[in-house]
Amino acid sequence: PSVTANEEKVLSIRAVPKTTRQVSGFSHNAKCSLKVKVLLHHPQITHIALTDRINGGYALGEKLGITLSGIGEPERYEVTIDSTMVGVTFYTAMNIVNKIVLLGKDSPNYEIAPSYYETFQVRPRDRTAGAFTVTIDYAGTSRITIKNESDNTSPPELLEADFTPLIASAL
């Protein structure tokens, strides 16, 4: 079958023992081939780290705003630091991360997900969408780090594989 961009199809291949002449109309003598071509895009992935163990962490009532722009209309998410987010521990920072992920879960253009430790990542929903910008609006004392894991500068790669010999050896 052919698969278009962003479409998902499940392809199941089951080997039929050579001693079995026919299963569901498929003979072991049948000629078949399986060739796969995949155009692999390298989307921008940006990590935002919220932990600053030196400057005292986040204070009650502070506002942390995140604006994502460059794909579709700009999107802004804002978290007001509550009592579960105050300080500088792994748990308080993860409460902020989880709130940001929750706020951005219905974004039409971006996937926002927890990453590692007190970090979340942003990537485009459409892997071909191009680059975007993350802007942090925060007036508190904690340091927030933004780092691109990949920056969408690599051209798409065409990957090809021929599974015909594998299928032939199983039949």
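Which residues form a nonpolar patch on the surface? Phe90, Tyr91, Tyr116 and Tyr117 do, with about 530 Å² of accessible area together (Shrake-Rupley method, 1.4 Å probe). The model is predicted: local features need pLDDT of at least 70 and side-chain atom pairs 80 or more, while totals for chains, interfaces and linings use all residues. Residues are numbered from 1 along each chain, and side-chain values use heavy atoms, without hydrogens and water.

Patch members have over 30% relative accessible area and no salt bridge, and nonpolar side chains are joined within 5 Å. Tyrosine 117, in the loop between β7 (110–114) and β8 (119–124), is exposed at 63%. Tyrosine 91 is exposed, with 63%, and phenylalanine 90 is partly exposed, with 32% (buried is under 20%, exposed over 50%, partly exposed in between).

The whole structure holds four aromatic pairs (ring centres within 6.5 Å; planes under 30 degrees apart are stacked, over 60 edge-to-face, the rest tilted). One of them joins phenylalanine 90 and tyrosine 91 edge-to-face, at 5.3 Å centre to centre and 80° between the planes. Another edge-to-face pair is tyrosine 110 with phenylalanine 132, at 5.3 Å and 70°. Tyrosine 110 lies in β7 and phenylalanine 132 in the loop between β8 and β9 (133–138), so this pair ties together parts 22 residues apart in sequence. Both tyrosine 110 and phenylalanine 132 are buried.

Strands β5 (residues 63–69) and β6 run antiparallel, joined by six bridges; glycine 65 has glutamate 78 of β6 as its bridge partner. In their hairpin, with five residues between the strands, glycine 70 takes a positive phi near 115°.

Technical notes:
Two strands pair if DSSP finds at least two bridges between them. Helices (H or I, at least four residues) and strands (E, at least two) are DSSP runs, numbered from the N terminus. Patches are made of residues with over 30% relative accessible area and no salt bridge: like charges are joined within 9 Å, nonpolar side chains (Val, Leu, Ile, Met, Phe, Trp, Tyr) within 5 Å. A salt bridge is a side-chain nitrogen of Lys or Arg within 4 Å of a carboxyl oxygen of Asp or Glu. Buried means under 20% relative accessible area, exposed over 50%, partly exposed in between (1.4 Å probe, protein chains only). Rings of Phe, Tyr and Trp (its six-membered ring) pair if their centres lie within 6.5 Å; planes under 30 degrees apart count as stacked, over 60 as edge-to-face and the rest as tilted.
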